[in-house]
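Hi,

Here is the structure I promised to send over. Have a look, and then read on for what turned up when I went through its pockets.

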Amino acid sequence: MKPARILAIETSCDETACAVIENGRALLASTVASQMDVHARYGGVYPEVASRQHVLSIVPVVEQTLAQSSLTLKDMDVIAVTRGPGLAGSLVVGMNMAKGLALGTGLPIVGVNHLEGHVYSAWVYNAGESVSPEPQFPLMALIVSGGHTELNLMTDHLTYQRLGSTLDDAAGEAFDKVGRLLGLPFPGGPAIQKAAEGGNPTRFKFPRARVDNPYDFSFSGLKTAVLYEVNDLKKKHKTLPIEDLAASFQKTVVDTLFEKAMQAARDHNAREILVAGGVSANRALRNAFMSQKEFRVNIPAFSLCTDNAAMIGAAGYYRYALGHVSDLTMDVQPTWELS
Ligand code: KG4
Ligand code: ZN
């Protein structure tokens, strides 16, 4: 595939991010300006505040990334940008920055689906460090982010067959909601992981949802079960065993994600499993996949699990190299459905 150096921009939620990446894999520079502290006081991402923060951060973040790479816009071949799914007001800031850069430089622009970006985070390695093995097709991709939980069979670059998805809450959303009801800080995922470290994962037997399609997920019943347990304990004036509740909840989610991904990989003769999205930063989930020997597993480095622009540059490279160039009339893409 033709070589290309890409400047990538990601602003789909509460991270203003920019990266420079070569040939979809070698990361030269990456900046992520997190708004987490700003949103923490609201207990979740506040969309209007998020878009205003992006407006303030986008130019310094792009400038800082270029400076970090010791390159200029003249050294770039392509501009890549997240076009969705995400918060419309946030996406528009990154899209307009990217369109402005493409217009000013004459460079081609590629719109990238955020979830495809998460998948391609597994292709990225830091330039100058050892080259990580490239994921091999067919692979089973488990996407676990704040907004999506899906199993996709990937038979080639940019080629997905969705086998199942969540019928209600996404895995990350379940972590965030359960974190809130346990009184833990936002975002719930890392807070639950931390609390769970000292807890007993078998103390509470939370239910696992039954779904017709074995590759679908459902986490809202689990969230309600934790809520009932918490209410029951409170009624009895007992101190909440936060650590045990967190550990038991986390174990239920991790076991479900792990077992379904393994079964899907077996059923579809996948060569490898790929796990990506914010929840793939979870240590218990990573350990579950790393401790089995049946499939080779690709999980991105911690810094690439949650939102970043390196992954958008990686996916953008394969889109560009395979002829999927967009134009300046490109609009926000509301869904994961790829065209
Ligand atoms: O991919 P991401 O950064 O944003 C979306 O595209 O949604 O995922 C964010 C989600 C949040 O729900 C957050 O709680 C979860 O990823 N998360 C984790 C961990 N780190 C982030 N969940 C469990 N354990 C973690 N260590
Ligand atoms: Zn994401």
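How do the residues of the lining of the largest pocket divide into nonpolar, polar and charged? They come out as 13 nonpolar, 17 polar and 8 charged (Ala, Val, Leu, Ile, Met, Phe, Trp, Tyr, Cys and Pro count as nonpolar, Asp, Glu, Lys and Arg as charged, and the others, Gly among them, as polar).

Before the rest, some housekeeping: this is a predicted model, with local features needing pLDDT of at least 70 and side-chain atom pairs pLDDT 80 or more, while totals for chains, interfaces and linings use all residues. Residues are numbered from 1 along each chain as written, chains are lettered from A and ligands numbered from 1 in written order, and side-chain values use heavy atoms, without hydrogens and water.

The largest pocket holds about 1,100 Å³ of space (a pocket is an open set of points on a 1 Å grid over the protein atoms alone where a 1.4 Å probe fits, with protein on both sides within 12 Å along at least five of seven lines; lining residues have an atom within 4 Å of a point). Its lining has 38 residues, and Ser 145, Gly 146, Asp 176, Gly 278 and Thr 306 are the closest to its centre. α5 contributes the most, 6 residues. Domain 1 (5–124 + 303–321) and domain 2 (139–299) both line this pocket, so it lies between them.

The second largest pocket, about 310 Å³, is lined by 20 residues, with Val 124, Tyr 125, Pro 300, Ala 301 and Leu 304 closest to its centre. Here the lining has 11 nonpolar, 8 polar and 1 charged residues.

Cheers

Notes: Grid points are joined across faces, edges and corners, and a volume is the space filled by probe spheres set on the points. Helices (H or I, at least four residues) and strands (E, at least two) are DSSP runs, numbered from the N terminus. Domain bounds come from an automatic or database domain assignment.
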